[in-house]
Amino acid sequence: MMIRYASYFIAALLPLLLFRWFAPASIGEIDFWLLWLVAMVLVSLPVVYAEIALAYRSVDAPFAGMQKLTREADASPAWRSFGWLAALVSIIIAALVISGASTGILAALTELNSALAVPSFAIAAGLMVIAVLLSLLGVAPLPIGLGLMVIGLLLGMANGLPNIDFAMTDISLTEWARAVALALVSVGAGTGLYWFGQNLVTKQVVTAVDTNNHNAQTPASKQAKNVYRATKLVRPIWILQLLVGGVALLMSGMSLPPIGQLLYWVGVLFVVSYLLHYSTQQLAHKFGLLVSLILTFVLALVLVVAIPTTWLVGILVIISSVAVLLLSIFAGWQMKISHLRKSLNFDNEAFYNLWRVAIRLVVPLALLLALIGWVMQWVS
């Protein structure tokens with residue numbers, strides 16, 4: 001039962017995890033809210049549609065699925081790099097939030113007069129070890145993490161919400177860059193997490209079909225593919241992202257009491273374990289489970305200990321943008337039209353045509369403009 005709702009847990013959790021890294025200093029900027037809504041509609045929504053459609057078409061996880069899809073589309077093996085990038089993005093997200101968790105836990109313990117006499121990077125390394133061990137539990141830690149994070153935020157709300165003075169400011173390319181990052185990275189579009197979640201559901205359905213004798217004459221994969229359609233999955237995921245994202249933006253400037261901070265960051269630890277579980281499962285297709293677990297742990301540990309947090313944000317923006325760009329170009333220009341039309345199964349042909357224009361032209365252009373905006377910000 002938990003597997004069926006993994007994608008919805010991720011849709012609710014990622015904004016709570018990552019909005020603090022990409023929200024502007026003044027959350028009352030109305031133009032930023034408008035740009036974020038535009039990015040959610042024009043960029044994030046088409047990409048999530050593409051991701052779920054490719055999951056439905058491949059009936060496999062991102063890493064293995066891209067191998068099937070490139071062969072089917074007679075496309076270059078270079079497009080399979082999306083699987084590597086998606087696994088890497090999840091590890092970078094894990095390192096970024098664990099770095100934040102170590103700092104937050106130290107701050108909370110200091111307020112409680114129980115500060116540990118150890119550096120922040122040592123706590124981060126210890127938290128990463130715990131997260132890797134929890135990753136062996138698969139999907140199970142997700143609801144625990146969500147519950148702890150929500151309790152921590154509720155304790156913060158009990159102290160009062162931050163006062164926000166809304167005002168219209170000048171729109172800039174750097175502001176668009178942050179809005180796109182918020183709409184993509186923070187909702188997990190292009191990371192393969194929704195693709196992976198759909199694959200978990202598909203495997204569960206295949207297993208159930210295999211155990212039923214009356215379905216023996218029909219291949220299990222076909223039975224599973226007949227149950228789900230991309231359009232039915234994307235709408236509730238995207239609406240949930242929009243609602244939780246709005247709440248997360250409003251609460252991004254809220255300060256939590258020490259106990260609330262501890263509960264929130266422990267919840268983050270449980271959520272990070274699923275990100276590491278996802279990356280391990282992807283790399284296992286190439287290296288085997290044990291080697292993949294070690295690789296994931298070593299890479300995550302190096303990132304969280306050796307790379308400054310501000311650099312991790314920049315690395316995350318660049319790699320995730322490249323991953324989404326690869327996904328959009330592959331889905332829009334390499335996949336056969338008939339295959340994706342069947343996978344998406346829109347109620348109206350006009351919706352499919354709008355999605356195709358968005359994934360082929362709008363998403364790549366928006367991403368390139370966002371990358372230019374980030375470069376301008378970093379240079380300045």
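## The bend in H15

Helix H15 bends by about 40 degrees at Ala358, the bend being the angle between axes fitted to the seven residues ending there and the seven starting there. H15 has 31 residues and spans 44 Å from its first C-alpha to its last, close to the 45 Å expected at 1.5 Å a residue; the expected span is 1.5 Å times one less than the number of residues. Helices here are DSSP runs (H or I, at least four residues), numbered from the N terminus.

## Basis of the model

This is a predicted model, in which local features need pLDDT of at least 70 and side-chain atom pairs count only at pLDDT 80 or more, while totals for chains, interfaces and linings use all residues. Residues are numbered from 1 along each chain as its sequence is written, and side-chain values use heavy atoms, with hydrogens and water left out.

## Buried side of H15

Among the buried residues of H15 are Tyr352, Trp355, Arg356, Ala358, Ile359 and Leu367. Buried means under 20% relative accessible area with a 1.4 Å probe, protein chains only. The cover over the buried residues of H15 includes H1, H2, helix H7 (173-184), helix H13 (309-334) and helix H14 (337-344).

## The second largest pocket

Ala358 and Trp355 also line the second largest pocket, along with residues including Val41, Tyr49, Arg235 and Phe346. This pocket has a volume of about 270 Å³. A pocket is an open set of points on a 1 Å grid over the protein atoms alone, with protein on both sides within 12 Å along at least five of seven lines, and lining residues have an atom within 4 Å of a point. A volume is the space filled by probe spheres set on the points, which are joined across faces, edges and corners.

Helix H2 (30-58) and helix H15 (349-379) each give two or more residues to the lining of the second largest pocket. That lining has eleven nonpolar residues, no polar ones and one charged. Ala, Val, Leu, Ile, Met, Phe, Trp, Tyr, Cys and Pro count as nonpolar, Asp, Glu, Lys and Arg as charged, and the others, Gly among them, as polar.

## The enclosed cavity

The whole structure holds one cavity of 30 Å³ or more, a cavity being a set of points where a 1.4 Å probe fits but cannot get out. The largest cavity contains about 80 Å³ of space. Of its 14 lining residues, Val180, Ala181, Leu184, Ser321 and Leu367 lie nearest its centre.

Technical notes
Buried means under 20% relative accessible area, exposed over 50%, partly exposed in between (1.4 Å probe, protein chains only). Contact means heavy atoms within 4.5 Å.
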